[in-house]
Amino acid sequence: MAVGARSGHDGPEDRADGARGENVTEENTSGEGTPPPGDEPGGTDGNGARPKKQRSFWKELPLLIGIALILALLIKTFLVQAFSIPSESMMNTLKKGDRVLVDKLTPWFGSEPERGEVVVFHDPGGWLETAETPKPNAIQKFLSFIGLMPSAEEKDLIKRVIAVGGDTISCKEGGKVVLNGKELDESAYLYPGSMPCQDSFGPIKVPKDRIWVMGDNRQNSLDSRFHQELPGGGTIANDQVVGRAVVVAWPLTRWATLPVPAVFDQPGLNPAAAAVTAVVPAAATTPGAAALGLAGALPLVIRRRRKRA
């Protein structure tokens with residue numbers, strides 16, 4: 001019976017036992033003498049069903065660990081992966097022992113390496129023949145597999161992309177790197193005191209879907225310059241690239257992002273843009289040449305027509 005409901009009489013509704021309706025409601029809401037849900041005899045919840053027993057934390061722990069491992073594996077495979085820097089070829093941008101996070105997501109959407117990016121790539125063959133790789137134990141292998149520890153067993157390298165497919169690159173001994181006819185001012189990322197190239201090379205045209213890579217510590221980097229005798233002429237296929245290194249994550253005192261240097265944004269660096277620029281004036285002169293030809297031919301046509309008349 002709802003509180004305050006009336007039966008149609010002026011006074012409160014009377015019960016057979018003489019108690020008034022509002023007093024009964026107060027007794028029910030006080031809860032005195034009424035066992036709380038779940039305390040009824042037999043352990044039911046008042047609706048006749050037994051309450052569910054809560055799982056022990058230790059029984060749920062294996063499930064939580066399994067979910068965490070699956071998520072870590074998916075993140076490593078499709079999103080980001082940690083890599084350890086094993087040498088000094090990228091100083092001072094990257095120092096030996098640094099941990100970098102590599103973006104592996106964007107390549108799934110068709111993104112390709114761009115000039116100036118720091119990328120991790122698989123050994124295309126012959127680059128790390130003499131390099132010794134450490135022998136991790138079983139725990140290290142497992143942690144590397146799920147992405148909780150940088151891979152130490154795989155033969156991967158990290159360098160900076162200097163040229164992409166279609167670019168022409170060269171360098172004179174002791175001079176600057178020339179990319180598509182433009183000299184590169186690499187002082188923003190080269191190791192202090194490092195020359196852009198100690199030996200001359202090029203000009204080399206990078207094949208389509210391949211990249212030319214160099215280390216920031218040029219005098220201590222076995223990069224594309226030193227593998228020109230291999231298939232690809234020292235270039236790396238785009239599908240060999242694991243991903244772009246986007247941040248130095250460890251140690252915390254070295255935390256930093258790895259943006260593309262401004263030198264790679266200078267105008268006229270793209271060979272396609274240069275080709276378009278060269279074509280536009282030629283195309284623009286075509287109507288002028290046609291107009292001049294028409295102006296020269298018109299008097300001849302008029303004169304011929306007059307003779308016929």
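## One link between cysteines

A disulfide is a pair of cysteine sulfur atoms within 2.5 Å. Keep that cut-off in mind as you look at this predicted model. How many disulfides does a search of the whole structure find? The search turns up one.

The two partners are Cys171 and Cys197, and their sulfur atoms are 1.9 Å apart, which is within the 2.5 Å cut-off. The angle about the S-S bond is -80 degrees, and the link is left-handed. Cys171 belongs to strand 5 (residues 168–171), while Cys197 sits in the loop between strand 7 (182–183) and strand 8 (201–205), so the bond ties together parts that are 26 residues apart in sequence.

Are these two cysteines buried or exposed? Residues under 20% relative accessible area count as buried. Cys171 has a value of 3%, so it is buried. Cys197 has a value of 0%, so it is buried too.

## The chain as a whole

The chain has 309 residues, and 29% of them count as buried. Its accessible surface is about 20,000 Å², with 58% of that belonging to carbon and sulfur atoms.

Contacts tell us how the chain meets itself. Of the contacts with a separation of 6 or more, 68% are between residues 24 or more positions apart.

With a relative accessible area of 0%, Ala163 is buried.

Which residues does Ala163 contact, leaving aside its neighbours within four places in sequence? They are Arg115, Ile169, Leu179, Val206, Ile211 and Trp212. There is also a distance to look up: Val213 is 50 residues away along the chain, and its C-alpha atom is separated from that of Ala163 by 7.1 Å.

## The second largest pocket

Finally, let's visit a pocket.

Strand 11 makes the largest contribution, with five residues. Sorted by class, the lining holds nine charged, eight polar and eight nonpolar residues.

Notes:
Residues numbered from 1 in each chain as written. Predicted model: local features only at pLDDT ≥ 70, side-chain atom pairs only at ≥ 80, totals over all residues. Heavy atoms only, no water. Buried < 20%, exposed > 50% of the residue type's maximum accessible area, 1.4 Å probe, protein only. Contact = heavy atoms within 4.5 Å. Areas by Shrake-Rupley, 256 points an atom, 1.4 Å probe, with all protein chains shown as cover. Helix = DSSP H or I, 4+ residues; strand = E, 2+ residues; numbered from the N terminus. Nonpolar A, V, L, I, M, F, W, Y, C, P; charged D, E, K, R; others polar.
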